[in-house]
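Good morning, colleagues. Please take a moment to look at the sequence and the model on the screen before we go through them together.

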2 protein chains.
Amino acid sequence: MHARVLIRPKAGILDPQGAVAERALGALGFDGVKGVRIGRLVELDVADPATLPEMCERLLANPLIEDYEIIESPA
Amino acid sequence: MHARVLIRPKAGILDPQGAVAERALGALGFDGVKGVRIGRLVELDVADPATLPEMCERLLANPLIEDYEIIESPA
């Protein structure tokens, strides 16, 4: 089973990397860009998708400051 | 318009961060995990979604070694 895990800073947590990207996009002439947040994308093949939340809690994400979203795909 | 950009190392490009995560998952007892690849997730609000590919080419991704996928959502 192929899965994607999207990991992003929780709402309210500062995201300096996103702030820099937002400013840089403006400097390049892209107007109307707001709310840029940068997180991580993990793609993997797992034998048992039921273990994915525990993988996120224990290794892939930092649950104190990050939210994660698991997207399973049959591919 | 809210959009997500998924950025991942191109096929064939080494991904040491993914390799380390894969080994660490095995060490934690998660069996049957393969093909771990780690990329970036960018979430942003844009006035004109037609500019997203150019943003990716010029700033958000490194098109030499990374693929990107743009997912627009009305939210």
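Predicted model: local features only at pLDDT ≥ 70, side-chain atom pairs only at ≥ 80, totals over all residues.

Let me begin with disulfides: a search of the whole structure, over all chains, finds zero of them.

Next, the arrangement of the two chains. Chain A is superposed on chain B by a rotation of 180° with 0.0 Å of shift along the axis, and the RMSD is 0.0 Å. The two copies are therefore related as by a two-fold rotation axis. Which C-alpha of chain A lies nearest that axis? It is the C-alpha of Arg40(A), at 2.1 Å.

I turn now to the interface. The size of an interface is often given as the accessible area lost when the parts come together. Here chain A and chain B bury about 2,800 Å² between them, and 63% of that is on carbon and sulfur atoms. Of the area that chain A buries against chain B, Phe30(A), Leu41(A) and Glu43(A) supply 21%, more than any other three residues. The contact takes 33 residues from chain A and 34 residues from chain B. Because 100% of the interface residues of chain A are also interface residues in chain B, the copies meet through the same surface.

There are also charged contacts to mention. Four salt bridges are counted between chain A and chain B. One pairs Glu69(B) with Arg4(A), whose closest N and O atoms are 2.9 Å apart.

Let us look at helix H2 of chain B, residues 52-60, where Leu52(B), Met55(B), Cys56(B) and Leu60(B) are buried. Seen down the axis of H2(B), the buried residues fall within an arc of 100°, so they line one face of the helix. In general, an α-helix has 3.6 residues a turn, so residues three or four places apart point the same way. What do the buried residues of H2(B) pack against? Their partners are helix H1 and strand S2 of chain A, together with strands S1, S2 and S3 of chain B.

Finally, consider Ile7(B), in strand S1 of chain B. Ile7(B) is buried, with a relative accessible area of 0%. Beyond its neighbours within four places in sequence, Ile7(B) is in contact with residues including Leu41(A), Val42(B), Leu60(B) and Tyr68(B). The C-alpha atoms of Ile7(B) and Ile38(B), 31 residues apart along the chain, are separated by 8.9 Å.

Definitions and conventions:
Residues numbered from 1 in each chain as written. Chains lettered and ligands numbered in written order. Heavy atoms only, no water. Disulfide = S-S within 2.5 Å. Least-squares fit on C-alpha atoms with pLDDT ≥ 70 in both. Contact = heavy atoms within 4.5 Å. Buried < 20%, exposed > 50% of the residue type's maximum accessible area, 1.4 Å probe, protein only. Helix = DSSP H or I, 4+ residues; strand = E, 2+ residues; numbered from the N terminus. Arc of directions from axis to C-beta. Buried area = accessible area lost by both parts, 1.4 Å probe. Salt bridge = Lys/Arg side-chain N within 4 Å of Asp/Glu carboxyl O.
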